[in-house]
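Here is the note you asked for on the aromatic side chains. Please read the points with the structure open.

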Amino acid sequence: MYRSPKPTHGGLMTAALFLAALNLRPAISSVSPLLALIRDDLGMSSAAASLLTSIPVLCMGLLSPVSAKLAGRVGTERVIRWSLVLIGFGTILRLFVHSAGVLLLTALIAGLGIAAMGPLLSGFIKQHFPSSVPAMIAVYSAGLSLGAALASSLSLPLQADSQSWQAALAVWSALGAAGAAVWWTLHRGSRPGPRKVSEGPVSSLPWRNPKAWLLTLHFGLMAACFYSLLAWLPPVMQSLGYTSSEAAVMLTIFAITQIPAGTILQRLLRRYPSRLLWLWVSSVTQLAGLILLFSPLPWLAAAVIGLASGTLFALGLLLPMDAAATSHEAASWAAMTQSAGYLIGAAGPFLIGLIHDAAGPFSFAIYGLMGVTVALIVVQWFVAPFQAQKRAASKAAPPAKRVDLSE
């Protein structure tokens, strides 16, 4: 572990945080605009191609609990540094891919780095920026969304310039190299200090609590929709008659409109604090966006779905804090909902691929996502009342310390 840096290092640490967040999505979102080319070149089925998204998401589900334990042993900063190296290594390997198996291996390597680093960035913010958490969360969110938007918008032009989809995928290793370089500089400018002891008892994961399983199901259904769209939106739009360039633009719109979702939600909750209201508004909006995909306004559909997905993610991160009575309990509930939830979410892109292989038109897959969204609305009826239970518990106990969670 390291002591908080001097104020002169604040800018470097902010840059390090931003670059780390910037690396969390390009390995996934860069694939989607090029998926048709990749499938044709390597002879991959839709189900196999979907694993390029499902594997990293699966890693996020399996390794989230392990990441925190590893950071406790060797230090958060060290895990983040090596995670960036792993992401960069997995991405640069794509330059030499000539078989489906090797390409899936690169998804696994990059996915391991993403899964190890992602859960640690919130803890890094709380440790080093305790007086400016909201501002640093904004930096983190901006980096996350910008990385997805850049990769989704530039991968196709890069492929056109280089005449190589391998080069267009591998170029994003530069982000990993830049991030690792800054984190190594940060490490050399920090002095080792004593390890921090736990600030309180650690709550075990609530595996036997039916409420926690409902929250996990909600997060999983939400993640399944999000990653299915991240993986398949361009092929879906191409199947509806749009060019690959137009489909890539729609994916970029989908990614960019998620950037302001968290800020908008915070303002809405200040005026109308009902969780159920905004859960249903977001889900109905997402459902409307999916319907609009069949309309002559696909760009509007992508924007509507992106804003709704971003808001649902923010609400999904907030619900465990509503259900828990203490900050430690909230952390354990969040760990369960996100780890098991990502495992459910990883099935989304894979099932879309299976449906496409079996049924042909992507319209059946869109209908499936509509069904998942309707299921979300039903589950939300049961998860939203947990907030009332949290408030009742808070009257009998001191207010719980707010826990900042991230995707």
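**Aromatic pairs**

1. Phe313 has a relative accessible area of 1%, so this residue is buried. The model is predicted, and the values in this note are computed from it.

2. Phe313 has a ring partner in Phe226. The two ring centres are 5.0 Å apart and the planes stand at 90°, which makes the pair edge-to-face because an angle over 60 degrees counts as such. Phe226 is buried as well, at 4% relative accessibility.

3. What does this pair tie together? Phe226 belongs to helix H11 (residues 210-239) and Phe313 to helix H15 (residues 298-323), so the contact joins parts that are 87 residues apart in sequence.

4. Tyr227 pairs with Tyr342. Their ring centres lie 6.3 Å apart with the planes at 65°, so this pair is edge-to-face. Tyr227 is in helix H11 and Tyr342 in helix H16 (residues 327-359), so the pair links parts 115 residues apart in sequence.

5. Are Tyr227 and Tyr342 buried or exposed? Tyr227 has 0% relative accessibility and counts as buried. Tyr342, at 1%, is likewise buried.

6. Which residues do ring pairs link into a cluster? The members are Phe219, Phe226, Tyr227, Phe254, Phe313 and Tyr342. Across the structure there are 15 aromatic pairs.

7. A separate point concerns a charge over a ring. Arg81 sits over the face of Trp184, at 5.2 Å from the ring centre.

Methods: Residues numbered from 1 in each chain as written. Predicted model: local features only at pLDDT ≥ 70, side-chain atom pairs only at ≥ 80, totals over all residues. Heavy atoms only, no water. Phe/Tyr/Trp six-rings, centres within 6.5 Å; stacked < 30°, edge-to-face > 60°. Helix = DSSP H or I, 4+ residues; strand = E, 2+ residues; numbered from the N terminus. Buried < 20%, exposed > 50% of the residue type's maximum accessible area, 1.4 Å probe, protein only. Lys NZ or Arg CZ within 6 Å of the ring centre and 35° of its normal.
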